[in-house]
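Colleague: I'm new to this one. Can you walk me through it?

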Amino acid sequence: MVPFFYFQYLWEEVEMVYEEITSVLGGWAGFRVVGVQRTVRADGSPEVVIELSAEPDAARRCGRCGDVTKEVHETTVRRIRELPILDADTWLLVPLARVSCPRCGPTTEGLTWLGRYARMTKRFAESVARLARVLPIKQVADHYGLHWETVKAIDKAALEEELGPVDLSGVRQIAIDEFAIRKGHRYATSVVDPTNHRVLWVGRGHTREALRPFFTLLGTEGCSKIEAAVMDMSEAYELETRAHCPQAEVVYDLFHIVAKYAREVIDRVRVDQTNRIVRAGRNDNRTRARRRVIKGTRWLLLRNPENLVAPQDRVRLQELLTANRPLWVVYVLKDALKRLWRYRYRQVAQRAWNQWYNWAIRSRIPALVIFAKRLKPKLPGILAHCQYPLHTSVLEGINNKIKVIKRMAYGYRDDAYFFLKIRAAFPGNP
């Protein structure tokens, strides 16, 4: 018969090995496991509490300067959240020493795996931050049983540490655009390096004052190195850019000008032609048939010819342009305007512009004439595209991704946190 003390000896050995394994796997440098307890809480969820004890020969370090110190003022036990073990929330009971540092005075000892005032281990916080990159804060908070403000603070601190101050030393070209951050015409301005698709800066508002902090951050030397800035025809962005970077070429984006042409010319002419038919004719079948030819053709007029794949769309567009000369003129001049961005020589682009401008003025279509006269002072920004073939399509794609980020979180109340999420989503191509 095996004596009872033998089983007791084996159990003590198993406990000792288990504690050693837990200490090694736990990675709590300077501490060892002295006790493990698994309990069930009132709500039925399991919980593991691990009691740690400081290694006798472990060096104590000041939590401020990091110097080694031997004098311990007092010791207090802090309850620390750790990563879950299997299905159980895990807590550590850590005896933290308040050391007396010759340089800093009395302070809490510094640990490599625990922040100075933290109530959770660094790897637990890192796990929360990793999950917050792909899930909304509320879902992460529910998963770990944390308050959503705690999850946000962890993620924000991780982003600030990871991103740090933005490096603007090698920036030579910039793209500037705005995006909506909430309802009620609330906008923010984003600045991107178009060469590597890196978000450089984000700020609230879309005025000159809103963009000014970016150039302040860039500095006088950085502003003097900017060669080109692509943007829409925003007067605020252009004036602020020229004030800080007078040597930079302002490049107007094709997309915004063509969109402006569609709103102010094509839509206006289409509505005017419909109203003219109504005023000139009677309410008979012929008048209604002529109105039906124009009605509902907005997207046919705006779409590129190569994108009209349906045969019935091609036939309908041909009938529309044949029956209505003003719409035919503005449709043809739309494609001619877009071709200005294909040239790579200023002289050729200038001749193409002169031809387009003369066509527009001689058309005597009021909306087209007004648009051409308003666009003429912006010609240098169009011709600058020959030397700097930049566009804001990169920014449009980034703005779409920003909308996804905002929609995932059901909006952001903290602009600084929102802008950090944007920078993290677009670190740039190597």
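Colleague: Which residue in the hairpin of β9 and β10 takes a positive phi?

Modeller: H197, with a phi near 60 degrees; the hairpin has four residues between the strands. Bear in mind that this is a predicted model, where local features need pLDDT of at least 70, side-chain atom pairs count only at pLDDT 80 or more, and totals for chains, interfaces and linings use all residues. Residues are numbered from 1 along each chain as its sequence is written, and side-chain values use heavy atoms, leaving out hydrogens and water.

Colleague: What makes β9 and β10 a pair?

Modeller: Two strands pair if DSSP finds at least two bridges between them. β9 and β10 (residues 198–204) have six, in the antiparallel sense, so by that rule they pair.

Colleague: How many bridges join β8 to β9?

Modeller: Seven, and β8 (residues 173–182) also runs antiparallel to β9. T189 of β9 is the bridge partner of E178, and T189 has G203 in β10 as a bridge partner too.

Colleague: Why is β9 called largely enclosed?

Modeller: Buried means under 20% relative accessible area, with a 1.4 Å probe and protein chains only. Six of the eight residues of β9 (residues 186–193) are buried, so the rest of the structure largely encloses that strand.

How values were computed. Buried < 20%, exposed > 50% of the residue type's maximum accessible area, 1.4 Å probe, protein only. Helix = DSSP H or I, 4+ residues; strand = E, 2+ residues; numbered from the N terminus.
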